[in-house]
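Trainee: Could you show me how to read helix packing? I would like the general idea and then the case at hand.

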Amino acid sequence: MSGAIDFAGRVAIVTGSGNGLGRSHAIELARRGAKVVVNDLGGSTRGIGASAAAADGVVEEIRADGGEAVANHDSVATREGGEAIVRAAIDHFGRLDILINNAGIIRTGRFEDLSEEDIRSVLDVHVMGAFNVTQPAYRIMRVAGYGRILFTGSGSGMFGHAWGANYGAAKAALYGLMRVVAMEGERFGILANMLLPVAATRFGDEMGQGYMEVPSFAEDIARTDMGFFMDRASPAFATALAAHLVSDACTATQATFTSGGGRYAELRVALCDGWLSPDGKGAPTAEDIAAHWDTIREAVGGQSPRNVYDEFVSMPQLQGR
Ligand code: NAI
């Protein structure tokens, strides 16, 4: 049995923690002793509007439970917003140990129909937002010689979700960002990882059903045991993993973990052994590539889900592992 995970003395920022997953993470970190900056712009799932109520409500909940928290209402989507969010941690609590990049919006639509605004707004919040908050946070962590950074990715980015080209591209970009932040941060005691959560939140309202027109996608949704899945869809399931990943108990870095439907697993980008072109013959031809196609694509174990639902199809069989 491992020791209790404790955040006493730690200061954390959770972006987008006025609702859903972020709210759950913020409450859990505070319950375990962290002082938390509850950041939330308070707009809609599509990123329209703003309101202080979301962040303020979560701060009230944390305080009512005896925890310490402060609200911040800046948008992660601007550099000034990112600076102000990090400054809130320093101004109120004097340090910064943990950053969970969680704020997010979603705008669905067929690839060919996404407007420039649909694409830019989603990239601005997820990708630029992660840069805007993580850079000033990292500078502080680097000087302190300690940091835990968690990026919130998505199966939509790593596997694909029909009608989510903008969102998938944004989430996949965070994988590349995480890999380099972790690589550069390790010698300063900064660990960075990525969480692929799945939870029933207000995000579902924007998803609609239009993507059911995509045959392979509809097929895998039909094969997914939604009842099994929905029993394990509260944000708390993802929060257990998030809390571990930003704790002292976590020594992993540069890694990606999925928490969908009660299954916890590391997601690795796997390289097939592939085909080595023979020495001394120069570059191979396109025909040589075709001739060795099966070897080039030969799988090396694990699973390669073709979309987010395909990730869940095999899950009920994992019970008891
Ligand atoms: P949510 O809509 O309940 O929470 C997102 C929060 O981010 C909202 O409170 C919103 O006001 C805030 N936010 C949006 N734009 C912001 C900005 N510019 N600055 C500050 N705050 C902003 O949605 P949910 O589901 O809790 O999503 C949290 C994160 O998890 C998002 O990054 C989402 O993409 C990701 N995610 C969620 C999944 C799910 O199944 N719910 C699956 C995979 C990833």
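Mentor: Gladly. Let's begin with handedness: a crossing is left-handed if the near helix is turned anticlockwise from the far one by less than a right angle, and right-handed if clockwise. Keep in mind that this is a predicted model. Here, H1 and H10 cross in a right-handed way.

Trainee: At what angle do H1 and H10 pack, and how far apart are their axes?

Mentor: Helix H1 (residues 20-31) and helix H10 (residues 235-245) meet at about 55°, and their axes lie 9 Å apart. The pair is therefore oblique. On the H1 side, the contact involves Gly20, Leu21, Ser24, His25, Glu28 and Leu29. H10 brings Pro235, Ala236, Ala238, Thr239, Ala242 and Ala243. Sorted by class, that contact has seven nonpolar, four polar and one charged residues.

Trainee: Why do residues three or four places apart point the same way in an α-helix?

Mentor: An α-helix has 3.6 residues a turn, so residues at that spacing point the same way. With that idea in hand, look at another contact of H1. Its residues Arg23, Ala26, Ile27 and Ala30 touch Val58, Glu61 and Ile62 of H2. By class there are five nonpolar, no polar and two charged residues in this contact.

Trainee: Are H1 and H2 roughly parallel or roughly perpendicular?

Mentor: The axes of H1 and helix H2 (residues 53-64) cross at roughly 25° and come within 10 Å. Their arrangement is therefore roughly parallel. This crossing is right-handed.

Trainee: Let's move to H3. Which of its residues are buried?

Mentor: Burial tells you which side of a helix to follow inwards. In H3 the buried residues are Gly81, Gly82, Ala84, Ile85, Val86, Ala88, Ala89 and Phe93. They pack against strands E1 (11-14), E2 (35-39) and E3 (68-72), and against helix H4 (116-144).

Trainee: How many residues does H3 have, and what distance does it reach?

Mentor: Helix H3 (residues 79-93) has 15 residues and reaches 21 Å from its first C-alpha to its last, close to the 21 Å expected at 1.5 Å a residue. Just after H3, Gly94 has a positive phi of about 80°.

Trainee: How do H3 and H4 pack?

Mentor: Their axes are 7 Å apart, at an angle of about 40°, and H3 and H4 are therefore oblique to each other. H3 crosses H4 in a right-handed sense. Arg79, Gly82, Glu83, Ile85, Val86 and Ile90 of H3 meet H4 residues including Asn132, Val133, Pro136 and Ile140.

Terms used
Residues numbered from 1 in each chain as written. Predicted model: local features only at pLDDT ≥ 70, side-chain atom pairs only at ≥ 80, totals over all residues. Heavy atoms only, no water. Axes fitted to C-alpha atoms, helices over the stretch in contact; angles between N-to-C directions. Helix = DSSP H or I, 4+ residues; strand = E, 2+ residues; numbered from the N terminus. Parallel < 35°, antiparallel > 145°, perpendicular 65-115°, else oblique. Contact = heavy atoms within 4.5 Å. Nonpolar A, V, L, I, M, F, W, Y, C, P; charged D, E, K, R; others polar. Expected span 1.5 Å × (residues − 1). Buried < 20%, exposed > 50% of the residue type's maximum accessible area, 1.4 Å probe, protein only.
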